[in-house]
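Dear colleague,

Please find the structure below, with its sequence. I would be grateful if you would read the notes after it alongside the coordinates.

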Amino acid sequence: MTTAVDVLVVGAGPTGLTLALQAHDHGARIRIVERRPEAFRPSRALIMHPRTLEVLRPLGVTDALLEQADTAPTATLHLGSRAVEASLADLALPDTAFPHLSLVRQMDVERVLAQALADRGVEVERGTELVAVRDDGYGARAVLRTPKGTEEIRCLFVGGCDGPASTVRTCAGIGWHGRPYAEEVVLADLDLSGTPGGSGAQLFAGRRGLLFLFPLGEQATWRLLATRVSHGGSMPDFGQPGPAVPRTELQRLLSDAGLDARIERIAWSARVPLQFRLARRFRRGRLFLAGDAAHNYSPATGQGMNAGVQDAVNLGWKLGFAASRPHDSTGGRDAEVLLDSYDGERRPAACRRLILTHTAFWAEASTGRIPSWLRTAAAARTALVVPVVLQRRRLIAEGVRVMSQLRVNYRHSPLSVEETPHLHGAPRPGERLPDATVSVGGPPQRLHALLARPGVHLLLQRDAAPPPPDALGPHVTALRLANSPGRGLVAVRPDGHVGFRCGIVDAAGLSGWLSLICAAAQPPGRPRRPDDAG
């Protein structure tokens, strides 16, 4: 048995790659395995939300992602005989550096994240499958099937990012409740005769559901995504592509949507079964679930990849800090509070997201009388209203805030601490820290750019006392805001949420909070790990 890592990450999609990066950059030794010998192609996810770009920024990958993305996407909404142009760029979101939706293929996201890991000396071990894993009370023991044979390893924690049919979830004995949808998704990369009317993405609303055409095909010009009633028959596991779709069926989908275009070439196609499910818990002992292993949604509002990345950013720093703390009684108690907060913060967010996606999918894809009427009989009236709504930029921005999870907060988390005297005019503990223009002694700068590095950040008001010396460390830095009068302090977690707030620099309160999340004041030197022999 070998022990060379703190965290074993199972699954190398966007969630697993992000978890490995976040945990590594917060002090953990990482191993990431993926049962597929090659990266999964073609891409399924195509949209990245503003909040996802924000949480990835401290990992140093955002610029590379934006180079691969369309950050000024346009869409044409075909509502009956009318077509309405919409821009998804430069939304009214002044408190983020990314006020737009980004169209970027999952394959490009995975390539950027995998390269960032490789730059840190961590390679994805492809063709390596988790066979079994258990929590033995002192660590986790995992059995891996590798190209060289079976291997048993020991680690402190396991991150299950292995999809809807998660082996980690099964081994942890965590329930998985929900049900399949009656509808399925059809995906295809196509070349079409002629270009659909309008520029950018195309959306067609019909009685039988929605049809999207994105100019992001990997092997052809257009990516088709359509919803329809499931045809049943033999299907793969949820989240996996099923059998190819005959040309006649794909052409019928285009015709039913009112699109006057003929298919010239099909690069690939697949039926994808859908479900909505939620794990009953996201943690059991040293085994954790993230992304599709923890929750499954419909594709409505593009939550899958984004939710998984945000899970991973929340969990990764906690695993990194927990792996670095002493294994005495105090360190153990604080570590349990820290690790339990992952389930306490992310599962309620997943529940709310499930309601959002289920409602949106009902309107998009259900063949019931009311949603079908909304998509067809009411289309002409809707087409008159949509341009007016699109001009209300603040209304559209608020919708994007909800969809992007910019409104998610962890106010009831044990990691959200408010000390007296209260600090007014700053985000409350648990809330996302908005971006803003600040001064730190030179020209004005954007706050998120200054905090774009791993770790905890202490934001001091202009007249605040300095933090106690033992509060600072390799993962805790301080920044004084010259344009913020007052004597207070805000501590920002590595995932961009406020964790601590006080109207003065309360040394005892701050040190207590830091000890809870990262043991900042511990003596230097790496703590003892579980022994290699097991």
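This is a predicted model: local features need pLDDT of at least 70, side-chain atom pairs count only at pLDDT 80 or more; totals for chains, interfaces and linings use all residues.

Residues are numbered from 1 along each chain as its sequence is written, and side-chain values use heavy atoms, without hydrogens and water.

Helix α1 spans residues 14-24 and helix α7 residues 304-324 (helices are DSSP runs of H or I, at least four residues, numbered from the N terminus). Their axes, lines fitted to C-alpha atoms over the stretch in contact, with angles from 0 to 180 degrees between N-to-C directions, come within 7 Å and cross at roughly 25°. The two are therefore roughly parallel (an angle under 35 degrees).

Gly 316 lies in α7 and is buried, at a relative accessible area of 0% (buried means under 20%, with a 1.4 Å probe and protein chains only). Leaving aside residues up to four places away in sequence, Gly 316 touches Leu 19, Gln 22 and Ala 23 (contact means heavy atoms within 4.5 Å).

The largest nonpolar core has 116 residues (a set of buried Ala, Val, Leu, Ile, Met, Phe, Trp, Tyr and Cys residues joined through side-chain atoms within 4.5 Å). Its largest share, 11 residues, comes from α7. Leu 8 is one of the residues with the most contacts inside this core. Another core, of 18 residues, lies apart from it and includes Leu 190 and Leu 250.

Yours sincerely

Terms used:
Angles under 35 degrees count as roughly parallel, over 145 as roughly antiparallel, 65 to 115 as roughly perpendicular and the rest as oblique. Buried means under 20% relative accessible area, exposed over 50%, partly exposed in between (1.4 Å probe, protein chains only).
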